[in-house]
Amino acid sequence: MNKVHTQKSLFKTQNDEKLNYRSVFAYRVSMVKEKKIKFDGGEVSNQRKAAEVIRNTINTLGQNDREHFVVLMLNVKTQIIGINIVSVGSASSAQIKPVETFKPAIMMSAAGIVMGHNHPSGNTEPSEQDRAVTQRFAAAAELLQIQVHDHIIVSSDSSNFYSFSEHGDMRMIRENIRNTMKNLNSMNA
């Protein structure tokens, strides 16, 4: 049988035992500028421009024979304020977690992000896993109050891309999240 810990058993007082002091490191987290990625500047006004920046990032900093997951961090005017390659994987997948995806966005106080990744095969159609990741990460972003504008899948060797926003998927995902949040709020009321 599992022992249930109470607050008293977890946090002992001085009367319970002698205090045992130890050292713990204090950390400072900072962003490091690596390299400039050229694009025609300004705001991310359309999916094609975002796809171009994602593709250029992978082709400049990565290896286009492997899947890369990239985040474009945006200010309130949808201008790119930073780019981060979150993960580099194999020819068919890249392991990603929300904490790794949103850490640079939080550190840069980004108002929104565009997620993107490449399919080395050249086929830009989203897999079921791509759809599930988009849903899960958009839900996490909702709690962080960071808007996920799009998830774009690019081909490294052509101008082909798939935009979840352009195909109406982001709208459906946002509606699902809103409905889920309403249901949770009504359960807690």
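Because the model is predicted, local features are reported only at a pLDDT of at least 70 and side-chain atom pairs only at pLDDT 80 or more, whereas totals for chains, interfaces and linings use all residues. Residues are numbered from 1 along each chain as its sequence is written, and side-chain values use heavy atoms, with hydrogens and water left out.

Strand β1 is paired with β2 in the antiparallel sense over seven bridges, two strands being called paired if DSSP finds at least two bridges between them. Within this pairing, leucine 72 has isoleucine 83 of β2 as its bridge partner. The hairpin that β1 and β2 form has five residues between the strands, and in it threonine 78 takes a positive phi near 55°. Strand β1 is also joined to β3, by six bridges and again in an antiparallel arrangement, with valine 71 standing opposite methionine 115 of β3.

Helix α2 (residues 47-61) has 15 residues and reaches 21 Å from its first C-alpha to its last, close to the 21 Å expected at 1.5 Å a residue, where the expected span is 1.5 Å times one less than the number of residues.

Strand β5 (residues 161-163) contains serine 163, which is buried with a relative accessible area of 0%. The side chain of serine 163 is joined to that of aspartate 150 by a polar contact of 2.6 Å; such a contact is a pair of N or O atoms within 3.5 Å, of which, within protein, one must be able to donate a hydrogen and the other to accept it, and residues adjacent in sequence count only if both atoms are side-chain atoms. The side chain of serine 163 also reaches the backbone nitrogen of serine 165 at 3.3 Å. Leaving aside residues up to four places away in sequence, serine 163 touches Gln47, Asp150, His151 and Ile152, contact meaning heavy atoms within 4.5 Å.

Phenylalanine 164 lies in the loop between β5 and α5 and is buried, with a relative accessible area of 1%. Although phenylalanine 164 and isoleucine 152 are twelve residues apart in sequence, their C-alpha atoms are 6.4 Å apart in space. Among the residues that phenylalanine 164 touches, not counting those up to four places away in sequence, are Arg131, Asp150, Asp169 and Met170.

Helix α5 has 20 residues, and its end C-alpha atoms are 29 Å apart, in agreement with the 28 Å that it should span at 1.5 Å a residue. In α5, Asp169, Met170, Ile173 and Ile177 are buried. Seen down the axis of α5, these buried residues fall within an arc of 95°, so they line one face of the helix; the arc is that of the directions from the helix axis to the C-beta atoms. They pack against α4, β4 and β5, whereas the face turned away carries the exposed residues Lys182 and Ser186.

A search of the whole structure finds two salt bridges, a salt bridge being a side-chain nitrogen of Lys or Arg within 4 Å of a carboxyl oxygen of Asp or Glu. In one of them, the side chains of aspartate 169 and arginine 131 meet at 3.3 Å, N to O. Aspartate 169 lies in helix α5 (residues 169-188) and arginine 131 in helix α4 (residues 128-144), so the pair ties together parts that are 38 residues apart in sequence. Aspartate 169 is buried at 10% relative accessible area, while arginine 131 counts as partly exposed at 28%. Another salt bridge links arginine 171 with glutamate 175, the closest N and O atoms being 3.5 Å apart. Both of these residues, arginine 171 and glutamate 175, lie in α5, four residues apart, about one turn of the helix, and glutamate 175 is partly exposed at 35%.

Terms used
Helices (H or I, at least four residues) and strands (E, at least two) are DSSP runs, numbered from the N terminus. Buried means under 20% relative accessible area, exposed over 50%, partly exposed in between (1.4 Å probe, protein chains only).
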